[in-house]
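Today I am opening my notebook on a new model and jotting down what I look up. Come along and check each entry against the view.

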Amino acid sequence: MKDLQILPVSRHRSHLKKPTWIIILVSLVIVFLICAYVYPPQNSTACYVFSSHGCKAFSNWLPPAPVRELTDDEIAARVVIRDILSMHPSLSDNSKLAFLFLTPGALPFEKLWDKFFQGHEGRFSVYVHASRQKPVHFSRYFVNREIRSDKVVWGKISMVNAERRLLSNALKDPDNQHFVLLSDSCIPLRDFDYVYNYLMYANTSFIDSFEDPGPHGSGRYSEHMLPEVEKKDFRKGAQWFTMKRQHAVIIMADSLYYTKFRDYCKPGMEYGRNCYSDEHYLPTFFHMFDPAGIANWSVTHVDWSEGKWHPKSYRKQDVTYELMRNITSITESLHVTSEEVKEIQIRPCLWNGNQRPCYLFARKFLPETLDNLMLIFPNYTSI
């Protein structure tokens, strides 16, 4: 009799508990999916919890995220950028390369550049932004080629301002069709004809841009850049670009995105972070608006193999035919992220779809290397 009395009670309790646990379980699943939608998994391990195809399959299953409404300034900027990009570049017999020298003062390799330019008059222009003192020139190609300059501080927006100042002056000449930014420590690696053809007939601008998830990449991003610049679009790259006239005009037309980097990418930001606009503004801007129009590497070589804050500087004893041969034979670009476990990104240097040598120029050569460079210049440029 006791057993018969207990059984109905047991069934009654089970009947009460079952819906409760189902409701709790379903609620947890719903909360989990909502969290996954709002905060999607960022690594492949988490992605595979949902599907063997990773995050892509999971994101395809979820409803599309709401499209953000653009501000008036964004709409205006995108219209201008779209229309400029739709214009077809028109090369002519008078098309010139514009060489933009960003320097504090004297140009220690002016004699080498003079040798590089000789015999090619009418195919190039020279512009010099000297931020500290007016240089004394030895080459006729550099005489009276200074533009109105201003003070430049390393790591600050004044560096970008100087680049824009050079571009605006060079754009006044309608024959200038490709623009090359160079420093006072830069040297040519090839002869003029090779450089001219490489740049003028390329289907991209050579603007360096890559994704660095580390503290010296995305770690420099500030949410104050929202809504116009999102963290997923934030990119890094060397400032030493070459760019087509189309892209130079876009840079001069931009104020919205430039202002974001001027105000929120600078040294001494919140939480002790530093951000350097010359390393992020152009890489991010062109990744957002014309990623297929840039090569994602710079044609100016620099050696970061020493792992220091600054690249290797070449001294007199370093400058040999073998060094030049090694640099000019490189056909892959290399980027290293700033994460604790660094990722090395290696990509082929593609010129109009074909793998070619990456570099036309090189930098961080000390003035003492001039004599050696002058001695071997005709030989190493034809490697």
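Which residues do ring pairs link into a cluster? Before I answer, a reminder to myself that this is a predicted model. I find Phe99, Phe101, Trp113, Phe116, Phe117, Phe124, Tyr141, Phe142, Phe192, Tyr196 and Phe361 joined in this way.

Entry on ring pairs. I looked up the count of aromatic pairs, and it comes to 31. I picked out Phe117 and Phe124, which are stacked with 4.2 Å centre to centre and 10° between the planes. I then checked burial, and both Phe117 and Phe124 are buried.

Next I followed Phe124 to Tyr141. Their ring centres are 5.4 Å apart and their planes stand at 75°, over the 60 degrees needed, so I logged the pair as edge-to-face. This pair links distant parts of the chain, 17 residues apart: Phe124 is in strand β2 (residues 124-130), and Tyr141 is in the loop between β2 and α6 (157-171). Phe124 has a relative accessible area of 10%, so I noted it as buried. Tyr141 is buried too, at 9%.

Entry on helices. I turned to α5 (residues 110-117) and α12 (residues 370-380), whose axes come within 10 Å and cross at roughly 15°. I therefore wrote down α5 and α12 as roughly parallel to each other. The crossing of α5 past α12 is right-handed.

Who touches whom here? From α5 I listed Lys111, Leu112, Lys115 and Phe116, and from α12 Leu370, Leu373, Met374, Phe377, Pro378 and Tyr380. I sorted the residues of this contact into 8 nonpolar, no polar and 2 charged.

Methods: Residues numbered from 1 in each chain as written. Predicted model: local features only at pLDDT ≥ 70, side-chain atom pairs only at ≥ 80, totals over all residues. Heavy atoms only, no water. Axes fitted to C-alpha atoms, helices over the stretch in contact; angles between N-to-C directions. Helix = DSSP H or I, 4+ residues; strand = E, 2+ residues; numbered from the N terminus. Parallel < 35°, antiparallel > 145°, perpendicular 65-115°, else oblique. Left-handed = near helix turned anticlockwise from the far one by under 90°. Contact = heavy atoms within 4.5 Å. Nonpolar A, V, L, I, M, F, W, Y, C, P; charged D, E, K, R; others polar. Phe/Tyr/Trp six-rings, centres within 6.5 Å; stacked < 30°, edge-to-face > 60°. Buried < 20%, exposed > 50% of the residue type's maximum accessible area, 1.4 Å probe, protein only.
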